[in-house]
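I opened this notebook to record what I looked up in the structure, entry by entry. The entries begin with a single residue and then turn to wider features.

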Amino acid sequence: MTKHTPHRPPLYRQPLPRSFKDLTPANHFNPRTFFREMVWKALLTPRTGEQQRPAFPKLRRGQIAITWIGHASFLLQFTDLNVLIDPNFANWLFLIKRIKRTGLRIEDLPRIDLVLLTHAHFDHFHKPTLRRLPDPKIGVMPWGVGDLAYNLGFGRVIELDWWESFSQRDWTVTLTPSKHWGARVLRDNHRGYGGFILEHQGRRVYHAGDSAYFDGFKDIGKSFRPEIALLPIGAYHPASFRHVHMGPDEAMRVFKELRAKWLVPMHYGSFRLSFEDMDEPPRWLKRLAKDEGLSHRLKILQEGCPQVF
């Protein structure tokens with residue numbers, strides 16, 4: 001394990017919410033509105049999307065196949081390494097219904113060598129999914145999260161601080177800062193959060209996890225300049241949700257600050273976690289990319305369909 005000045009955020013930088021109301025202050029929130037917008041509307045919405053057996057490509061060294069499973073879940077494949085990030089195959093998260101099916105079945109996954117888990121929230125660290133994985137070798141996650149993973153079948157569990165790296169053979173993964181929070185349950189304030197830089201075969205992929213916009217993206221860009229940026233674009237309305245998430249406008253700003261080559265959006269379309277229309281984030285992002293002259297750098301993936309980079 002190599003270290004690049006590991007750092008944990010002091011608690012005062014990102015206070016934990018004491019309730020959902022802390023995330024959606026009085027002008028935007030009341031329990032009736034929350035239930036109507038995020039539970040009742042989803043219950044009335046038919047589940048869409050078709051699962052199919054993916055046609056995983058035969059890769060040459062240096063190529064990456066990226067398959068969006070849905071929400072923040074991805075499969076990254078190299079010639080000799082298969083990586084899952086925040087895998088979640090759930091149809092329900094308590095009362096929250098999955099509105100669009102995963103793009104593939106968990107049974108159709110290849111052998112998994114490495115699982116990256118950005119934080120302990122239920123939509124990113126989904127225990128039932130992790131239990132069903134066929135003996136993943138290594139799980140990497142932020143500080144304070146490992147105790148949740150020890151009975152889930154991992155051969156090895158690694159916890160990282162911000163800017164700390166773990167290497168094996170010729171791949172390296174680094175935990176990067178984010179502006180979010182890591183509690184599994186309210187007041188569970190010892191668990192970390194962040195994004196990941198994965199470096200292998202001369203390629204660099206960045207998964208931002210959950211994050212609001214903050215200046216730290218500039219530091220990530222300066223330190224790593226990732227080639228492919230997997231960035232969240234959903235759960236931004238009402239405006240107070242931007243304390244912990246970002247919309248397409250901020251994701252576009254982050255993409256430019258990272259100086260990445262490709263923008264792959266995520267964290268939209270699967271679960272209704274906020275009040276914007278489900279199809280608004282990618283529509284808005286495509287318009288922004290066109291206005292910025294960056295449409296050729298935007299890759300909107302279809303769930304379950306591998307894209308070679």
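**Entry 1: Pro232**

I began with the contacts of Pro232, leaving aside residues up to four places away in sequence; Pro232 touches Ala208, Gly209, Ser211, Met246, Ala251, Met266 and His267. I note here that the model is a predicted one. I located Pro232 in strand 14. Is Pro232 buried or exposed? Its relative accessibility is 1%, under the 20% cut-off, so Pro232 counts as buried. I then checked Pro265, which lies 33 residues from Pro232 in sequence, while the two C-alpha atoms are 5.7 Å apart in space.

**Entry 2: The chain as a whole**

I next looked up the overall composition. The protein chain holds six helices and 16 strands. Of its 309 residues, 61% count as buried. I also looked at contacts between residues at least 6 apart in sequence, and 69% of these join residues at least 24 apart.

**Entry 3: Nonpolar cores**

I recalled a general point first: in soluble globular proteins, nonpolar side chains tend to be buried together. In this model the largest nonpolar core has 61 residues. Which residues have the most contacts inside it? I found Phe74, Leu76, Val140, Phe217, Ile228 and Leu231. Helix 5, residues 248-258, gives the most to this core, with five residues. A second, separate core has 21 residues, including Leu84, Ile106, Leu117 and Val145.

Beyond four places in sequence, Ile228 touches Ile64, Ile66, Arg203, Arg204, Val205, Tyr206, Trp262, Val264 and Phe309.

**Entry 4: Helix 5**

I returned to helix 5 and found that this helix is mostly covered, with eight of its 11 residues buried. The buried residues are Pro248, Glu250, Ala251, Met252, Val254, Phe255, Glu257 and Leu258. What do the buried residues of helix 5 pack against? I listed strand 13 (203-207), helix 4 (216-224), strand 14 (228-232), strand 15 (262-266) and helix 6. After helix 5 comes Arg259, which has a positive phi near 60°.

**Entry 5: Helix 5 against helix 6**

I examined this pair of helices by their axes. The axes of helix 5 and helix 6 (residues 280-292) come within 9 Å and cross at roughly 45°. The two helices are therefore oblique to each other, and their crossing is right-handed. On the side of helix 5, the contact is made by Pro248, Asp249, Met252 and Lys256. Helix 6 contributes Pro281, Trp284, Leu285, Leu288, Ala289 and Glu292.

I traced an open sheet of seven strands with mixed pairing, in the order 9-8-7-4-3-2-16. Why is one side of strand 9 and of strand 16 left without a neighbour in the sheet? Strand 9 (156-160) and strand 16 (307-308) stand at the edges, and each has a single partner strand, so one side of each has no neighbour there.

Within the sheet I checked strand 3 (residues 73-77) and strand 4 (residues 82-85), which run antiparallel and are joined by four bridges. Phe74 has Ile85 of strand 4 as its bridge partner. Phe74 is also among the residues with the most contacts inside the largest nonpolar core.

**Entry 6: A hairpin**

Four bridges join strand 10 to the antiparallel strand 11 (residues 171-176). Gln168 has Trp171 of strand 11 as its bridge partner. The two strands form a hairpin with two residues between them, and Arg169 in the turn has a positive phi of about 50°.

How values were computed
Residues numbered from 1 in each chain as written. Predicted model: local features only at pLDDT ≥ 70, side-chain atom pairs only at ≥ 80, totals over all residues. Heavy atoms only, no water. Core = buried A, V, L, I, M, F, W, Y, C linked by side-chain atoms within 4.5 Å. Buried < 20%, exposed > 50% of the residue type's maximum accessible area, 1.4 Å probe, protein only. Contact = heavy atoms within 4.5 Å. Pairing = 2+ DSSP bridges. Axes fitted to C-alpha atoms, helices over the stretch in contact; angles between N-to-C directions. Parallel < 35°, antiparallel > 145°, perpendicular 65-115°, else oblique. Left-handed = near helix turned anticlockwise from the far one by under 90°.
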